[in-house]
Amino acid sequence: MVHAQRLRQLLHKRTVFLDGAVGTELINRGMPPGVSAEKWASMHPDVLRSIHRDYADALADIVLTCTFGATAAKLGAENVRRLNTQLAQLAIDEVGDRVLVGASIGPTGNMIHPSGSMTWKDAYTLFKDQAEVLAETGIDIFFLETFSDPRELKAAILAVKDADPDAFISAQMAFGSRGLSLSGTSPAALALLMNQLPVDAAGANCSTDQEELLLVIQELARFCEKWITVEPGAGLPVNGKYEMTPDGVAEWMENFTRSGASIIGGCCGTSPAHVQKYTSISYRLPAEKVNTEKFHALTSIDRIVPIKERMLTVGESINPTGKKRLQNSLSEGDFFGVVSLARMQGRADVIDVNLGLEEMLPEGLIHEIFSRLSLGSPLSVDLSDPLNIEDAFSELGGIGILNSLTASEDYILNRVDTLLRHGGYAVLLPIDEEGPGETPFDRLLKIEKGISILKKAGFPEDRVIADPVVSPVSTGADFGITLETLKLLKERGLLTIAGISNISHGLPERSSINAALLAVLAVHGLDIAIIDVLDSTVLGVHRSSQILLGNLEPVERRLPELDAQGISPDFMGILRKNIIIGDRRQTESAGRELLESGVPASEILEKGLAGAMEKVGDLYSRKKLFLPHLIAAAGASKTLTTLLKPHLDKDETLECRGKIIVASVRGDIHDIGKNLVALFLENAGFEIIDLGKDVHTDVIVEKAEETDADIIVLSALISTTAPEMEKVVSLVKKKNLKARVLVGGAVITEDYAKSIGADGYARDAYRAVEKAKRLVPPTNKQRK
């Protein structure tokens, strides 16, 4: 508590300086590539002490522990306590009397379900185990660095907060080209989420492009109400030295501080010399936060949906009431059916998820559904059980809605902690222990009562969404009460939401009645409408009302897939669309329709799968899709190939474009990007030999020689392993192999590829296919 408080006080006085890189300094001082920095440092404590001492001598305010990769996922559970304690104590003993000591915590190296096998709870447990050990040493300052998935970052934040409720936490992501993380999260989305989570600072690190990083920091500072942290790298290593000099890094630090950064430090390639330069700059600016814009929005991993700019739509179809088929899917644990129903409502701004009788749900179903829906439209969690609400919100990678709370103190207090913990908005109903309000004024009073309870619990009023309550007119309900309540709520300055379809329950011609209500409430300023987005009449009235109110431009509407004359649907087009959005259930359905209509399996593969994956690659290259989308699309394509496999003739072959060796270079334990490149190349017709991650140069070249490979594809995610690529290039040329070398990865650039003599560079998986086709001329080879 004492160190965290000192840091908070210091931030109100001036810019705070972090140390520089530890990993690259360990390499500079004798650590061989490809080993665990934590394990090596523990066996060479004098080297690590000298690094901490040099950073303290360079006038860093905070020195971070060498524990970036010290979770059980990387060290093994048996080493977590020993190594975290040793490495933290080493920093404290060496420099703790001169500077603040903070803990560095990085990602686990695994992807969260459904992109990987690790669950959110698994990630939380890994971080909690590490954070508790670090907190026991007396450290109460934590820097969570280089995350790409906001769900994993949230797991780390909550784990640290649970280990030490008073800890200072800086939560940081790594942003690549065009200012987006590997999972598609924008700086604005990170800022909005961090505003609602228990952190002191938010930021970015591990970028080799300072201009792009500056834009990231400016966007964070624009929307984030917390302190801003930035840790730029020193570029890429060229001939053993990093590109940016201490003077060059220091010049950029001034730009970062003037753009809103209050905590500045160095990432890969920065040294004590860099730190000494940027801590000696004369412009030690006061750490004044840039004026932030108040921006209400719902978010997911890859989307931001602003509130108040127009009336938003919430898709209501995931509700088993009166839907036997959906009830069966839920009781059988068929999460793919639920996910498919969500994807069908793609035109909705938000997807409401109501799972009916929660006590009847199979174990694990909430996890499967909400983790798979963490991509795409933000979610409205329409659950009632507090434990289920907590499980659902833990899976969200952004800001969702809890639908709903009543104005009962017990009901609110049993659920509001989840929103305070994970972020989110709350729908508040004008209902308390005595029932619903009978008049508009009664309803307003009950809403005020609920807001008062929420505020006492620490939940802010501007995250409350009030529901005036729409009742069925078939029961004799007076719609005027709803309308007048809405007017009072808007006069009060509250956000509002309403379930439109309730009005027509029990009546014929429901669509037209629902549309009429929607138009009336739109005119009176309703912010969010829960509707059937699959009803073209209702959706059309929503769009038209927003055009007339000036909230939307009158652009041309999209044509439906089926026209009114009953022309047969384009199942090949539907197949491609569902592969692109990663809908396994609809992919399988469209594939079956094509088979039953007589389309050969080989044609479905060629025109359906290949076309879809090419489109996925194109969208990925243009930053319209991101890593989790690619993995989802790969899952859908696997579903299709499994379906088609029995229908392919045994002698049916496809053209083989060439043989490719794929590997992450020595020392690089990351294989996500490499795996995607392999998938895209295989879909493009290449034979793939995947050697995995952390592969020695000799092994790569020997395998290329043994298999007579046409291309060697190398991946490196971190700058410290990039030099291994040059070793592969040199050995290939020394042996005079025919294989061409294609390189890529998060830190690699085209200039770097040219400097090491590589035959090509690809920024992403889609471009890797294009480059591979150019490097290997067409052949008549065949593959099974």
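Here are some notes on a predicted model, taken point by point.

1. **Packing of α25 and α26.** Helix α25 covers residues 601-621, and its axis sits 11 Å from that of α26, at an angle of about 175°. Angles over 145 degrees count as roughly antiparallel, so that is the label for α25 and α26. On the α25 side, the contact uses A601, I604, L605, L609, M613, V616 and Y620. The α26 side brings L627, L630, A633, S637, L640, T641 and L644. Sorted by class, the contact of α25 with α26 has twelve nonpolar residues, two polar ones and no charged ones.

2. **Packing of α23 and α26.** Helix α26 (residues 627-644) also meets α23 (residues 571-580), and here the axes come within 7 Å and cross at roughly 135°. The pair α23 and α26 is therefore classed as oblique. From α23 the residues involved are L575, N578, I579 and I580, and from α26 they are A633, A636 and L640. The class tally for α23 with α26 is six nonpolar, one polar and no charged residues. If you want to look at α26 from both sides, A633 and L640 are in the list for α23, and A633 and L640 are also in the list for α25.

3. **R584 and its contacts.** R584 belongs to helix α24, residues 584-596. With a relative accessibility of 31%, R584 counts as partly exposed. Leaving out residues up to four places away in sequence, R584 touches F336, G635, A636 and T639.

4. What does the side chain of S340 pair with in a polar contact? The partner is the side chain of D583, at 3.0 Å. S340 sits in helix α14, which runs over residues 335-344. At 1% relative accessible area, S340 is buried, because the cut-off for that class is under 20%. Beyond its sequence neighbours up to four places away, S340 touches D583, R585 and Q586.

5. **C206 and C267.** How many disulfides does the model have? The count comes to zero. C206 is in no disulfide, and the nearest cysteine sulfur to it, that of C267, lies 4.3 Å away. Seen from the other end, the closest cysteine sulfur to that of C267 is in C206, and 4.3 Å is too far for a bond. The cut-off that matters here is 2.5 Å between the sulfur atoms. As for accessibility, C206 is partly exposed at 23%, whereas C267 is buried at 11%.

6. **Two cis peptide bonds.** Both of these deserve a look in the viewer. The bond from H113 to P114 is cis, with omega near 10°. P114 is placed in the loop between β3 (100-105) and α7 (120-136). The bond from N403 to S404 is cis as well, and its omega is near 15°. S404 is in a strand, β16, which covers residues 401-405.

7. **Positive phi outside glycine.** K308 has phi near 90°, a positive value in a residue other than glycine. K308 is in the loop between β12 (304-306) and β13 (312-318), and K308 is exposed at 52% relative accessibility. N736 likewise has a positive phi, near 60°, and is not a glycine. At 68% relative accessibility, N736 is exposed.

8. Where is T439 found? T439 is in the loop between β19 (435-436) and α19 (440-456). With a relative accessible area of 34%, T439 is partly exposed. From T439 to A426 there are 13 residues in sequence and 23 Å in space, C-alpha to C-alpha.

Terms used
Residues are numbered from 1 along each chain as its sequence is written. This is a predicted model: local features need pLDDT of at least 70, side-chain atom pairs count only at pLDDT 80 or more; totals for chains, interfaces and linings use all residues. Side-chain values use heavy atoms; hydrogens and water are left out. Helices (H or I, at least four residues) and strands (E, at least two) are DSSP runs, numbered from the N terminus. Buried means under 20% relative accessible area, exposed over 50%, partly exposed in between (1.4 Å probe, protein chains only). A polar contact is a pair of N or O atoms within 3.5 Å; within protein, one must be able to donate a hydrogen and the other to accept it, and residues adjacent in sequence count only if both atoms are side-chain atoms. Contact means heavy atoms within 4.5 Å. Axes are lines fitted to C-alpha atoms, for helices over the stretch in contact, and angles run from 0 to 180 degrees between N-to-C directions. Angles under 35 degrees count as roughly parallel, over 145 as roughly antiparallel, 65 to 115 as roughly perpendicular and the rest as oblique. Ala, Val, Leu, Ile, Met, Phe, Trp, Tyr, Cys and Pro count as nonpolar, Asp, Glu, Lys and Arg as charged, and the others, Gly among them, as polar.
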